[in-house]
Amino acid sequence: MRYANLTWDLRPRAPTSADEHAALLHLVRSKVSITLNSSKVPYQMFYRTAVPGHVDCWNYSRPFPSFHEASATFHQRTKPYNWASVPELNEIARDVFGDSHVLDVFAPTLMRPDRHHSAHDCLHYCIPGPTSVWVDMLWSRLLQSGGALHPKMRNAEERDRLRSV
């Protein structure tokens, strides 16, 4: 099961408080770490921040010119689906995962109300669009790590051995 970034999930009841949300993220991080640590495959774990949809997305035909304008519009509008709590819950994720493991896609995604699937879906995006930026951000983060996807990869002999597995 994938915990679907804060605003909804597959369980009967979503977290109702910041403490419950933090506890859930700690649990997810722990379970994923246990699974990955038992693997021989090198890895690096990232948490992608949650993003809200855009109310009345069908009214937009271009990106916001600045994050300031996007943010002001976001804060002025009534938000369904618990979207208003997304910034606070992303802060909790930063506390749980640490800044170096958080892929913060909130700002660039908030600026793109024009790239939703349809007038009936103001949460999911078309490609190319914000999700293409997410991939670029992840790739950049991997390159910044020097290609070392796991501490085991820092040793050249170990890296070569793992590549041959």
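Modeller: Let's start with a definition: a disulfide is a pair of cysteine sulfur atoms within 2.5 Å. Please keep in mind that this is a predicted model, where local features need pLDDT of at least 70, side-chain atom pairs count only at pLDDT 80 or more, and totals for chains, interfaces and linings use all residues. Residues are numbered from 1 along each chain as its sequence is written, and side-chain values use heavy atoms, with hydrogens and water left out.

Biologist: Happy to begin there. How do you know that Cys57 and Cys122 are joined by a disulfide?

Modeller: Their sulfurs are 2.1 Å apart, and the cut-off is 2.5 Å, so the pair qualifies. The structure holds 1 disulfide. The two cysteines are 65 residues apart and link distant parts of the chain: Cys57 sits in the loop between strand S1 (47-48) and helix H2, while Cys122 belongs to strand S4 (residues 121-125). Helices (H or I, at least four residues) and strands (E, at least two) are DSSP runs, numbered from the N terminus.

Biologist: What makes this disulfide left-handed or right-handed?

Modeller: The torsion about the S-S bond of Cys57 and Cys122 decides that; the value is about -75 degrees, so the disulfide is left-handed.

Biologist: And Cys126: what rules out a bond for its sulfur?

Modeller: The closest cysteine sulfur, in Cys57, is 9.4 Å away, and that is too far for a bond.

Biologist: Let's go to His54. Why is His54 called buried?

Modeller: Buried means under 20% relative accessible area, exposed over 50%, and partly exposed in between (1.4 Å probe, protein chains only). His54 has a relative accessible area of 7%, so this histidine counts as buried. Cys57 and Cys122 are buried too. For the protein chain of 165 residues, 35% count as buried.

Biologist: Where is His54 in the fold, and which residues is His54 in contact with?

Modeller: His54 is in the loop between S1 and H2. Contact means heavy atoms within 4.5 Å. Leaving aside neighbours within four places in sequence, the contacts of His54 include Trp83, Leu110, Pro113, Cys122 and Tyr125.

Biologist: How do you know whether Tyr125 is buried or exposed?

Modeller: Tyr125 has 8% relative accessibility, so this tyrosine counts as buried. Tyr125 lies in strand S4. Beyond four places in sequence, Tyr125 is in contact with residues including Pro52, His54, Arg112, His117 and Thr131.

Biologist: You mention peptide bonds. What kind of bond joins Ile127 and Pro128?

Modeller: That one is a cis peptide bond, with omega about 0 degrees. Pro128 is in the loop between S4 and helix H5 (130-144).

Biologist: What makes a group of residues a nonpolar core?

Modeller: The set must be buried Ala, Val, Leu, Ile, Met, Phe, Trp, Tyr and Cys residues joined through side-chain atoms within 4.5 Å. The largest nonpolar core has 10 residues in all, among them Ala22, Leu25, Met45, Ile92 and Phe97. Helix H1 (18-37) and helix H3 (86-97) each supply at least two residues of this core, and H3 gives the most, with 5 residues. A second, separate core of 7 residues includes Ala50, Phe64, Phe106 and Leu110.

Biologist: Which partners does Phe97 have beyond four places in sequence?

Modeller: Phe97 is in contact with Leu25, Arg29, Met45, Tyr47 and Val102.

Biologist: One more: how many cavities of 30 Å³ or more are there?

Modeller: The structure holds 1. On a 1 Å grid over the protein atoms alone, a cavity is a set of points where a 1.4 Å probe fits but cannot get out, and lining residues have an atom within 4 Å of a point. Points are joined across faces, edges and corners, and the volume is the space filled by probe spheres set on them. The volume of the largest cavity is about 100 Å³. Its lining includes His54, Phe64, Arg77, Trp83 and Leu110, and helix H2 (residues 67-76) gives the most to that lining, with 3 residues.

Notes:
On a 1 Å grid over the protein atoms alone, a cavity is a set of points where a 1.4 Å probe fits but cannot get out, and a pocket is an open set with protein on both sides within 12 Å along at least five of seven lines; lining residues have an atom within 4 Å of a point.
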